[in-house]
Amino acid sequence: MTLIKQVLLNKKTDLTPIWIMRQAGRYLPEFRKIRNKNPNFIELCLNSKLTQEITLQPIKRFNLDAAIIFSDILLLPYGLNQKVEFKKDFGPLLGDLNLNEISKLDEVDFVEKVYPVYKAINLVSNNELTKNKSTIGFIGAPWTLMVYMLNRQSPKSKLNDDFFKDNFLINRILAILDKFLKVHIKNQIDNGAEVIQIFDSWAGLLDDKDLPNYVYIPTLGLVEFIKSLKVPVICFPKGIKNYKTYCEIVKPDAISIDYNVTPEEIRKNINIPIQGGLDPKILLTDKEILKKETKKYLDIFKDHPYIFNLGHGVLPETNPEMIDYLVKFVKDY
Ligand code: CP3
């Protein structure tokens, strides 16, 4: 069994497994080389051979315990026929949302649009380089996807006041997302994803009173679905204030924490396996600081099932040498 799977089963292991969010990405020159030749990001995500190659780039360089499939949470609205573009120095930009159109869509059409993602997972999980490593599939949580589908771009720090005005629309989108996210999850698992991570990057935008409707209830349904397929699920509700309540209600197999929470508090209050936490900006400093900060997390979670990771994705300006140092330090700890 892979090290990550052992931790997810709540086993204490002698070695701490490590993988890194956005481990395949712009901080790697070999990624930038492929990216420069492929200006259309969605098309790149739908090229199974290149996706496989990109997914394996960090695996070739570093002794990581998981390969996370190179794709994006916004392939889901793309599969629902909403226009999705990635603009340089801006980020994602989505087209208008046509409720009639997405309500009509059937499963076969959706799968046909995104099937290269599943093919890539198949290639990666069968590749010699991922032997003894976990292949991680992922989705965006319904709340985060709805934010992109309605806001049509990253919301920065808050939502427009009229975001919640059309209750009918919101409930229809959540129902449609639930249906197609299950299809997306099932196909990833059928093709070799051994762990699923749910990214709820905008969970922190909600007031506590709105968390049940938009975060807890929709995510719990998906967590239960993934568990019914006998696959472990890690949730990352970034920026949420109360991780303990989230864990008690949503009950993931592991919780990924961001860098704004105090790891000591988390350690005290949460008894499921924990992942992540280190601020990605630490990788922009120097090796002494990196060592000190990494050791802090490893010490705190010494007697707790823990997967080393960052508190958000690795930044594009990171020097790959710092990742090398980090992985070696965690492995030698
Ligand atoms: O972690 C990995 O290595 C797997 C690949 C992965 C990507 N996106 C590739 C990507 C994963 C797991 C994601 C998830 C994702 N995508 C999230 C959730 C995690 C998070 O970051 O909060 C979100 C919110 C998105 C939507 C998205 N995709 C944004 C906001 C952006 C632009 C911001 C940015 O970092 O440029 C993307 C583009 C994107 N997705 C890139 C990569 C490597 C950069 C694309 C490029 O090369 O220009």
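Where is the place of Lys 230? I located Lys 230 in the loop between helix 10 (211-228) and strand 6 (233-236). I took helices (H or I, at least four residues) and strands (E, at least two) as DSSP runs, numbered from the N terminus.

**Entry 1. Basis.** I worked on a predicted model, in which local features need pLDDT of at least 70 and side-chain atom pairs count only at pLDDT 80 or more, while totals for chains, interfaces and linings use all residues. Residues are numbered from 1 along each chain as its sequence is written, and side-chain values use heavy atoms, with hydrogens and water left out.

**Entry 2. Positive phi.** I noted that Lys 230, although not a glycine, has a positive phi of about 65°. Lys 230 counts as exposed, at 72% relative accessibility. For these classes I used under 20% relative accessible area for buried, over 50% for exposed, and partly exposed in between (1.4 Å probe, protein chains only). I then looked up Asn 10, another residue other than glycine, and found its phi near 70°, a positive value. Asn 10 belongs to the loop between helix 1 (3-8) and helix 2 (29-37), and is partly exposed with a relative accessible area of 42%.

**Entry 3. Ligand.** Which residues come nearest to the ligand? Among the 22 residues around the ligand, I list Arg 22, Arg 26, Arg 35, Asp 72 and Ser 201 as the nearest; a residue is near if one of its heavy atoms lies within 4 Å. I recorded this shell as 13 nonpolar, five polar and four charged residues. In this scheme Ala, Val, Leu, Ile, Met, Phe, Trp, Tyr, Cys and Pro count as nonpolar, Asp, Glu, Lys and Arg as charged, and the others, Gly among them, as polar.

- Ser 201 places a polar side-chain atom 2.5 Å from a ligand oxygen.
- Arg 26 has a side-chain N or O atom 2.7 Å from a ligand oxygen.
- Ala 24 has a backbone N or O atom 3.5 Å from a ligand oxygen.

Taken alone, the ligand exposes 860 Å², of which the protein buries 87%. I note that these areas come from the Shrake-Rupley method with a 1.4 Å probe; for residues, only the protein chains shown count as cover.

**Entry 4. Salt bridges.** Lys 331 and Asp 65 form a salt bridge at 2.7 Å, N to O. Lys 331 lies in helix 14 (residues 320-332) and Asp 65 in the loop between helix 4 (48-61) and strand 1 (66-68), so the pair ties together parts 266 residues apart in sequence. I found both Lys 331 and Asp 65 buried.

Asp 190 and Lys 186 also form a salt bridge, with the closest N and O atoms 2.8 Å apart. Because they stand four residues apart in helix 9 (residues 167-190), about one helical turn separates Asp 190 from Lys 186. Lys 186 is partly exposed, at a relative accessible area of 34%.

**Entry 5. Cysteines.** How many disulfides does the count come to? I found zero disulfides, a disulfide being a pair of cysteine sulfur atoms within 2.5 Å. For Cys 247, the nearest cysteine sulfur is that of Cys 235, 8.2 Å away. Cys 247 is buried, with a relative accessible area of 10%. Cys 45 is likewise buried, with a relative accessible area of 1%.

Notes:
Polar contact = N/O pair within 3.5 Å; in protein donor to acceptor, adjacent residues only side chain to side chain. Salt bridge = Lys/Arg side-chain N within 4 Å of Asp/Glu carboxyl O.
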